[in-house]
Amino acid sequence: MEHVTSLDELPLRDDLRGLTPYGAPQAPLPVALNVNENTHPVPDEVASDILDDVALALRDVNRYPDREFTALREGFAEYLGHGLTAEQIWAGNGSNEVLQHIMQAFAGPGRTAFGFAPTYSMYPLITQGTGARWVAGTRHDDFTIDPDDAARQVAEADPDVILLCTPNNPTGTPLGLDVIEAVYEAARGVVVVDEAYQEFAPHDAPSALSLLHGRPRLAVSRTMSKAFAFAGARVGYLAADPAFIDALRLVRLPYHLSALTQAAAVAALRNSATMLRMVDEIVEQRERISATLEALGYLPHASWSNFVLFGGVDDTQALWRALYDRGVLIRDVGIPHHLRVSAGTEAETTAFLEALASIGPSA
Ligand SMILES: Cc1ncc(COP(=O)(O)O)c(C=O)c1O
C-alpha cells in the first residue's frame, strides 16, 4: 500500500508544526565519533555479571517492576556521595527522559525554559514537546558564562525552568559553581544542572551536587550513557530535594523503568570502578585531539568532557564530508566554522587525526 499522507495533512498540534526531530546521522562507518558515546565496550567481566542479574529479573518479568526502583536509587545515592539518600534520587530511560519529566512538571503550555546557547540540542525539543517555549540566552565569544551576566539574563527572561549544562555540550565548556549560585538566586523557576559529562572533568572539579543542600529548586542530572559506557541501556538520573522528586512522580508513566533496565543498571553500578576505568584513557585521547588539532592549525576549545569542539574550519560541510569519505563520522553542530569530535579509543582517535592530517587544514 502506498502511503500518501504527509505530516501536514494530520491534525498535529499547531506548536509542533515545522519542527524537525532529533536526527544525528547513524551511519555505519568504521569510526563513529559523532554522538559523544563512550566507544569502549562494557568490560567482559562486568557484562557477564550484569547478564546474571538480568537473567534473574527475566524470571519475574510477568510482574510489573518496582515502580519506585528502590535498589537503583540507593545505588545512585551511594555512587554520587555528598550525603545523598535514595529519596533524593530520580531516574529514567536516559537523562533525556529525566529532563522530559522536569519539563512536564515545571514547564508545559504557557511556560518557558531557558538555556545559554549554544547548548544541548535536545533542550529546545524537549521543551517544545511539552508545549512550553524555549528561550535562548547568550554566552561570551569563547562560550564561557560569568555570574553577573548570567544572573542578569535569567532575571530578565524570568523562565520557569533553567537548564545549565556543565561541561556544556557541544562546546565542552565548564561552568563555575559561582554561576550556578548566581543563577539560582536570580531565578524564580527551577534550575537544572546537567552534568552528563561530569566524570570527564578534572578529578578535583566541584560538582553542583555540593550546592543541593538548602536549594529546593535546584536539581543535578547525570547519565550512565557517557562515562559508564551504557548508552544503549538508556539510564539517566537526577538528585534533588525529595519534594522535587515528588513533582516528577506526578508526570512519569507508571513502571517507566523496566525490570531489565533496573537489574542491568544496579549491576553496572555495583561494578562502577571497572565501568569507569576507561574515563582517564578517554580524557588522554581528548587532550591528544586538542593538541593535534592545534598543531594542524585548527582552534580547539577547552573541554572538560569526552569531546572537542574546534573552530578554524573554512568549509564545515567539505571537511565533514572529506572525513566521512575516509570512514570517520564526526558532527556538524551548526556553529559556523566549527565541528565537534568525540574522543574515541586510541585507535579511533588515531584514525580521526590521521584522516584530518591527510586532508590538511584548508578543506
Ligand atoms: C548534555 C547532555 N545531556 C543529556 C544527554 C542525554 O543523554 P541520555 O539520554 O543518553 O542519558 C546528552 C547526550 O548526548 C547530553 O549531551
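**Loops, helix packing and the ligand shell**

N36 sits in the loop that links β1 (31-32) to α1, where helices (H or I, at least four residues) and strands (E, at least two) are DSSP runs numbered from the N terminus. The coordinates come from a predicted model, in which local features need pLDDT of at least 70, side-chain atom pairs count only at pLDDT 80 or more, and totals for chains, interfaces and linings use all residues. Residues are numbered from 1 along each chain as its sequence is written.

Some backbone details come first. Most residues other than glycine have a negative phi, and most peptide bonds are trans. N36 has a phi near 55 degrees, a positive value in a residue other than glycine. A cis peptide bond joins A117 and P118, with omega about -5 degrees, and P118 belongs to the loop between β3 (112-116) and α4 (122-129). Another cis peptide bond links T166 to P167, with omega about -10 degrees; P167 is found in the loop between β5 (161-165) and α6.

Helix packing is next. Two packed helices are described by the angle between their axes and the distance between the axes. Axes here are lines fitted to C-alpha atoms, for helices over the stretch in contact, and angles run from 0 to 180 degrees between N-to-C directions. Helix α1 (residues 44-59) packs on helix α8 (residues 259-270) at an angle of about 145 degrees, and their axes are 8 Å apart. This crossing of α1 and α8 is right-handed, meaning that the near helix is turned clockwise from the far one by less than a right angle (left-handed if anticlockwise). On the α1 side the contact is made by V46, D49, I50, D53, V54, L56, A57 and L58, and on the α8 side by A259, L260, A263, A264, V266, A267 and A268, with contact requiring C-beta atoms, placed from the backbone, within 7 Å. The α1 and α8 contact has 13 nonpolar, no polar and 2 charged residues; Ala, Val, Leu, Ile, Met, Phe, Trp, Tyr, Cys and Pro count as nonpolar, Asp, Glu, Lys and Arg as charged, and the others, Gly among them, as polar.

Helix α8 also meets helix α2 (residues 70-80): the axes come within 9 Å and cross at roughly 25 degrees. The crossing of α2 past α8 is left-handed. A71, L72, G75 and Y79 of α2 face Q262, A265, V266 and L269 of α8 in this contact, whose residues divide into 6 nonpolar, 2 polar and no charged.

For helix α5 (residues 147-157) and helix α6 (residues 177-186), the axes come within 8 Å and cross at roughly 25 degrees. These two helices, α5 and α6, are therefore roughly parallel to each other, and α5 passes α6 in a right-handed crossing. In α5, P147, A150, A151, V154 and A155 meet D178, V179, A182, V183, E185 and A186 of α6. The contact of α5 with α6 comprises 9 nonpolar, no polar and 2 charged residues.

Finally, the ligand. It is surrounded by 13 residues, of which the closest are G94, S95, N96, T223 and S225; a residue is near a molecule or strand if its C-beta atom, placed from the backbone, lies within 6 Å of it. The shell around the ligand has 4 nonpolar, 8 polar and 1 charged residues.

Conventions
Angles under 35 degrees count as roughly parallel, over 145 as roughly antiparallel, 65 to 115 as roughly perpendicular and the rest as oblique. Two residues are in contact if their C-beta atoms, placed from the backbone, lie within 7 Å.
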